Amino acid sequence: TGSINFENVSFNYSEHEENILKSINLDIPGKQMTALVGHSGAGKSTILNLIPRFYDVNSGDIKIDDQSIFNKTLFSLRKNISLVSQDVILFDDTIKNNIAYANPKASEESIQQACKFAAADEFIEKLPSKYNTIVGENGIRLSGGQKQRISIARAILKKSPIILLDEATSSLDTEAERIVQDAINNLIKGRTTIIIAHRLSTIHNADKIFLMKKGEIIDSGNHEQLIQNSEEYKSLYKNQLK
């Protein structure tokens, strides 16, 4: 099911620093949408980076479906995870090859279907060479919203059960954000999704929201519960509305 559990996880980037995460306990249900919110520096991105083992914990354990991620190969772990972040890495190659990077054996039909779900087909079809268009180094010939949709198409093609979304729409204008948000909704259906949202308006529908402050979980619930019961969340939300 892709359920994820953090058990007393502490972490710092250097032994000379104070812990960024302090004895974190998290139960992230499988096949649901979980959001991490809080001010910058609260530790949200660190939690996301620990799941695919970009870094390893200083103490504690992380389990997926009750199996410690430290007892599995990195290949096995990362094969089951897709990451969509605000910084999309693209190669100086065709759109087709950039998307197929997620699954080199994918058919052209599968790639085009992924692009349709990612709302990327509408701009690809208008390009001179369509799927064979070279995007330039790091996608220089594409807009931010177009690059994000290619990144989402990649994740759709990979069909991994766990999706990590790190502020995927924060650098987009309103129209591009709306299109990308629709594409994200297609991507996350029936999958374990952890989302860090710059704009709290994008996580209204999260099944569970964890509120973080200075490396700790200080509250949790859905949007309505937190608005009613958490002064910290209410303040965060009102500041964004302003």
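Which helix holds lysine 234 and glutamate 231, and how many residues apart are they?

Modeller: Both lysine 234 and glutamate 231 lie in helix α9, 3 residues apart, or about one turn of the helix. The model is a predicted one, in which local features need pLDDT of at least 70 and side-chain atom pairs count only at pLDDT 80 or more, while totals for chains, interfaces and linings use all residues. Residues are numbered from 1 along each chain as its sequence is written, and side-chain values use heavy atoms, with hydrogens and water left out.

The side chains of lysine 234 and glutamate 231 form a salt bridge with an N to O distance of 3.4 Å. The term requires a side-chain nitrogen of Lys or Arg within 4 Å of a carboxyl oxygen of Asp or Glu. Side chains of opposite charge can pair when their charged atoms come close. Glutamate 231 counts as exposed because its relative accessible area is 57% (over 50% is exposed, under 20% buried, and partly exposed in between, with a 1.4 Å probe and protein chains only).

The salt-bridge rule gives a count of 8. One of these joins aspartate 56 to arginine 53 at 2.8 Å, N to O. Aspartate 56 has 37% relative accessibility and is therefore partly exposed. Another links glutamate 125 with lysine 130 at 3.4 Å, N to O. Here glutamate 125 is partly exposed at 40%, and lysine 130 is partly exposed at 38%.

A pocket is an open set of points on a 1 Å grid over the protein atoms alone, where a 1.4 Å probe fits and protein lies on both sides within 12 Å along at least five of seven lines; lining residues have an atom within 4 Å of a point. The second largest pocket holds about 310 Å³. It has 18 lining residues, and Gly38, His39, Ser40, Lys44 and Glu167 are the closest to its centre. The elements that give two or more residues to this lining are α1 (44-50) and α9 (231-241). By class, the lining of the second largest pocket has 6 nonpolar, 10 polar and 2 charged residues. In this scheme Ala, Val, Leu, Ile, Met, Phe, Trp, Tyr, Cys and Pro are nonpolar, Asp, Glu, Lys and Arg are charged, and the others, Gly among them, are polar.

The largest pocket has a volume of about 670 Å³; a volume is the space filled by probe spheres set on the grid points, which are joined across faces, edges and corners. Its lining has 20 residues, with Ser82, Leu83, Tyr101, Arg154 and Lys158 nearest the centre. Two or more lining residues come from each of α2 (74-79), β6 (81-85) and α6 (144-158). The largest share, 5 residues, belongs to β6. The lining of the largest pocket divides into 12 nonpolar, 3 polar and 5 charged residues.

Helix α6 contains leucine 157. Leucine 157 is buried, because its relative accessibility is 5%. Leaving out residues up to four places away in sequence, leucine 157 touches Ile99, Ala100, Asn103, Ala106, Ser110, Ile111 and Ala114 (contact means heavy atoms within 4.5 Å).

Threonine 192 has a relative accessible area of 0% and so counts as buried. A polar atom of its side chain lies 2.8 Å from the backbone nitrogen of lysine 31. Beyond four places in sequence, the contacts of threonine 192 include Ser3, Ile28, Gly30, Lys31 and Ile163. Lysine 31 sits in the loop between β2 and β3 (33-37) and is exposed at 53%. Lysine 31 has a positive phi, near 60°, and is not a glycine. Serine 23, another non-glycine residue with positive phi, has a value of about 45°. Serine 23 is in strand β2 (residues 21-28) and is partly exposed at 47% relative accessibility.

Methods:
Helix = DSSP H or I, 4+ residues; strand = E, 2+ residues; numbered from the N terminus. Polar contact = N/O pair within 3.5 Å; in protein donor to acceptor, adjacent residues only side chain to side chain.
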